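Me: I am new to this structure and would like to learn how to read it with some care. Could you take me through it one feature after another?

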Amino acid sequence: LRSLLHIPEDFTLVFTSSATEVWERLTQSCVEHQSLHLVNGSFSAKFHEIATQLGRKAHAVEAPHGACVRPDALPTGLHPELVAITYNETSTGASQPQEDYAAIRAKYPEAILAVDIVSAAPVVTLDYSLIDTFYFSVQKGFGLPAGLGVWAFNTRCIQKAEQMRAKGLSIGSYHSLLSLAKQAEQYQTPCTPNVLGIYLLAKVAGDMLEKGMEMITRETKYKAAVLYQAMENSPWVRPFVENQAYRSLTTLVGKTQVPSEALIKKISEKGLILGSGYGPYKKEHIRMANFPTHSKEHIEMLADLLENKTLL
Ligand SMILES: *Cc1c(COP(=O)(O)O)cnc(C)c1O
């Protein structure tokens, strides 16, 4: 994973059971009082909800679904200990541009910058000098069975957890950031982990390394362009994310002109399985994964179907 994602040495890599677990651990170990969340859909909202449930003063700045929070919309005069960004808001298909990170960091220089890369990894080129922690789970872009989260954090996160512990505060138990980090020094884990998941992840990461991230990224961009183009030309579906700068490369969402069920059913007859809309958008959206496992041929076939005027 280090080679694949070019993760610097000062980031510790640990395993959890899911990305959702990381939301809780990060809050427990790195937020004493306040966090700030850029919320633009269901996943970013869930992190905010968890921080609230853990009794932190969790601030949310919201953007309309299909858009992203603009850095200039973030409040000044706030001193969050953690700022949570969702690289790829899977529920809406909106992706926060990385150009925003520097502005966010400049606004909150003391805060830990946390980036959820769940549905983007491994197709994501992070500037690690701008962020302190990131995490993903393996059932999206790595195409593996669910049940394994990967969490990376730098020394700023470790120092923050140490400060909280020194004050006598609870930073969590077996999966606290410090407990995970201490075990990771010996390539160990605090509890028996998902060993099969870790083994399979190593194999898949090895295959991806062999193919090369450059090639995987190029293919992902090509496939995304083919699908967005098809949606622009389709009588059945339009891209939900209007601003091209916010369009996700890996989880594409379309707003359907017909009940989404009809389109999903028709396309399933051709052997391709589309996702329905997330949550409240179930009936009016389709969601298309564009992960490394999805071949160019299948994506082109899907594009042809979406553009077919006599499909329905
Ligand atoms: C799927 C997803 C999660 C949750 O992942 P789990 O492995 O179910 O915990 C979190 N964030 C984003 C953006 C996701 O797409």
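Me: How do I read the way helices H2 and H5 cross, and at what angle do their axes do so?

Reply: The general idea is to compare the directions of two helix axes, and in this predicted model the axes of H2 (residues 19-30) and H5 (residues 155-166) come within 8 Å and cross at roughly 60 degrees.

Me: Which residues of H2 and H5 meet?

Reply: From H2 come Gln-28, Ser-29 and Cys-30, which meet Cys-157, Lys-160, Ala-161 and Met-164 of H5. Sorted by class, this contact of H2 with H5 is made up of four nonpolar residues, two polar ones and one charged one.

Me: Now to the ligand: how many residues surround it, and which are the closest?

Reply: A shell is read by listing the residues around a molecule, and here the ligand is surrounded by 13 residues, with Thr-20, Thr-90, Asp-116, Ser-137 and Lys-140 the closest. Helix H2 supplies the largest share of this shell, three residues, and by class the shell has seven polar, four nonpolar and two charged residues.

Me: Which polar side-chain atoms lie 2.7 Å from an atom of the ligand?

Reply: One belongs to Asp-116, at 2.7 Å from a nitrogen atom of the ligand, and another belongs to Lys-140, at 2.7 Å from an oxygen atom of the ligand. The protein covers 88% of the 390 Å² of accessible area that the ligand has on its own.

Notes. Residues are numbered from 1 along each chain as its sequence is written. This is a predicted model: local features need pLDDT of at least 70, side-chain atom pairs count only at pLDDT 80 or more; totals for chains, interfaces and linings use all residues. Side-chain values use heavy atoms; hydrogens and water are left out. A residue is near a molecule or strand if one of its heavy atoms lies within 4 Å of it. A polar contact is a pair of N or O atoms within 3.5 Å; within protein, one must be able to donate a hydrogen and the other to accept it, and residues adjacent in sequence count only if both atoms are side-chain atoms. Accessible areas come from the Shrake-Rupley method with a 1.4 Å probe; for residues, only the protein chains shown count as cover. Helices (H or I, at least four residues) and strands (E, at least two) are DSSP runs, numbered from the N terminus. Ala, Val, Leu, Ile, Met, Phe, Trp, Tyr, Cys and Pro count as nonpolar, Asp, Glu, Lys and Arg as charged, and the others, Gly among them, as polar. Axes are lines fitted to C-alpha atoms, for helices over the stretch in contact, and angles run from 0 to 180 degrees between N-to-C directions. Contact means heavy atoms within 4.5 Å.
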